[in-house]
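This report walks through a protein model, beginning with a pair of charged residues and moving on to sheets, helices and aromatic rings. Please keep the sequence and the coordinates open while reading.

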Amino acid sequence: MTTILGIESSCDETAAAVVVDGHTILSNVIATQIDLHARYGGVFPELASRAHVEAISAVVDQSMTDAGVSYDKLDAIAVTRGPGLVGSLLVGVNYAKGLALATGKPLMGINHLEGHVYSLWLSEPYREIRFPVLLLIVSGGHTELLLMTDHGKYERLGGTLDDAAGEAFDKVGRMLGLPFPGGPNIERAAKMGNPTAFKFPRSKRDESYDFSFSGLKTAVMREATVPHMGADGKKRGPEKNPKVRSDVSVNDVAASFQDALVGALVEKTVRAAKEYNVTEILIAGGVSANGVLRQRLRAESELPVRYPPLNLCTDNGAMIAAAGYFRFEAGLRSDLDLDVQPMWPLTSDTYAT
Ligand code: KG4
Ligand code: ZN
């Protein structure tokens, strides 16, 4: 039995969890900062790091209490090392270093994207995953299509050239006057809207496995919001706080936007799964909570499609502990002078460092 404490602080959730053998969750504590950032319509980095400092010790203590585990029973401490906001990452990494020093337990720095991947292993009862699998990681900061051939073995097939999928949801949500974060609120509005009301462009219909969502975002802006006029009556560049046109249904725009974005993700994911002959398609990250994405992938692929339970799609400590378990088993440990990596792609090399 291997017991790992996982700590996550890369963005706007301070989270800690205790996980046994990479799949059994003993505790999973999350202090979200959504309310703190909502008034700015996005994550405010300085506020985020300060809130992490205030929350981290209580969150970690609570995760140990909930799990009923004392520090001497832990096998290792896993912490998100990057990618993410530098100030936020430092809070988690420094706290984890302190704990490792005080308890004498090994420390492991984890790639946040790899954490999202391992949220798929947190299933109860445990169901084995046979490699190779296709991974679609869709979060607020990333959109990555990867081939995973074994634990820690990743081959990047493509990704976004501009906005991440979650970022596009958040920006369009703001344009439509919906609360932050945009993703779940657009999904809710879309349920009451018509997905064929607007013909938004579906990004990059080409042979590559790359995505581009900025054209879609601009199309929504053009169709749905009041043009930004200067005092001289001429059109200006994009407005910072655009207003929705009075003759436009927010629900229809939300549904049509979601349809276009999900359509692009599904088309390339299904094609890559065929080309690389994988056993399953795995989706992870905040946007994998989206019901339309889940349904469409299931409908359009002959292969099994797996996604995490809703509470494990967005950032959490359990996924970091699960990723830590597989590193622990592989005998990989980090030094106590571990640094943070704000920009850190997920590759096979990442795994070994
Ligand atoms: O993985 P995550 O918690 O944080 C990052 O690592 O970035 O993802 C957060 C993102 C946000 O952009 C949010 O709008 C999006 O996930 N999201 C959704 C849904 N729930 C969260 N996007 C679409 N549909 C949802 N139901
Ligand atoms: Zn994330």
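E267 and R271 are separated by about one helical turn, because they lie 4 residues apart in helix α8 (residues 250-275); helices here are DSSP runs of H or I with at least four residues, strands are runs of E with at least two, and both are numbered from the N terminus. Salt bridges that share partners also join D163, E167, K171 and K217 into one network.

The model is predicted, so that local features need pLDDT of at least 70 and side-chain atom pairs count only at pLDDT 80 or more, while totals for chains, interfaces and linings use all residues. Residues are numbered from 1 along each chain as its sequence is written, chains are lettered from A and ligands numbered from 1 in the order in which they are written, and side-chain values use heavy atoms, with hydrogens and water left out.

## Salt bridges

Side chains of opposite charge can pair when their charged atoms come close. A salt bridge is counted when a side-chain nitrogen of Lys or Arg is within 4 Å of a carboxyl oxygen of Asp or Glu, and the structure holds 12 of them.

| D339 | R81 | 2.5 Å |

For burial, the cut-offs are under 20% relative accessible area for buried, over 50% for exposed and in between for partly exposed, using a 1.4 Å probe and protein chains only. R81 counts as buried because its relative accessibility is 10%, whereas D339, at 40%, counts as partly exposed. In the second pair of the table, D163 is buried with a relative accessible area of 7%, and K171 is partly exposed at 26%. In the third, E267 is partly exposed at 33%, and R271 is also partly exposed, at 23%.

## Sheet and helices

Two strands are taken to pair if DSSP finds at least two bridges between them. On that basis 5 strands form an open sheet of mixed pairing, in the order β3-β2-β1-β4-β5. Its edge strands, β3 (24-32) and β5 (107-111), each pair on one side only. Neighbouring strands of this sheet are turned by 20° against each other on average, direction ignored; axes are lines fitted to C-alpha atoms, for helices over the stretch in contact, and angles run from 0 to 180 degrees between N-to-C directions.

Within the sheet, strands β1 (residues 3-8) and β2 (residues 13-20) run antiparallel and are joined by 6 bridges, and I7 has A16 of β2 as its bridge partner. Helix α3 (residues 86-103) packs on the sheet, where α3 touches β1, β4 and β5 and makes about 160° with the direction of β4. Helix α2 (residues 45-67) lies across β1, β2 and β3, and runs at about 20° to β2.

Another antiparallel pair consists of β7 (residues 143-150) and β8 (residues 153-159), also joined by 6 bridges, with Y154 of β8 as the bridge partner of M148. The hairpin of β7 and β8 has 2 residues between the strands, and G152 there takes a positive phi near 80°.

## A residue of helix α8

D259 is found in helix α8 and counts as partly exposed at 26% relative accessibility. Leaving aside neighbours within four places in sequence, D259 is in contact (heavy atoms within 4.5 Å) with P195 and R296. T196 is 63 residues from D259 in sequence, yet the two are 8.2 Å apart in space, C-alpha to C-alpha.

## Aromatic rings

Rings of Phe, Tyr and Trp (its six-membered ring) pair if their centres lie within 6.5 Å, with planes under 30 degrees apart counting as stacked, over 60 as edge-to-face and the rest as tilted. The count by this rule is 9 aromatic pairs. One of them, F198 with F200, is stacked, at 5.4 Å centre to centre and 0° between the planes, and both of these residues are buried. Y118, W121, F131, Y325 and F326 form one aromatic cluster.
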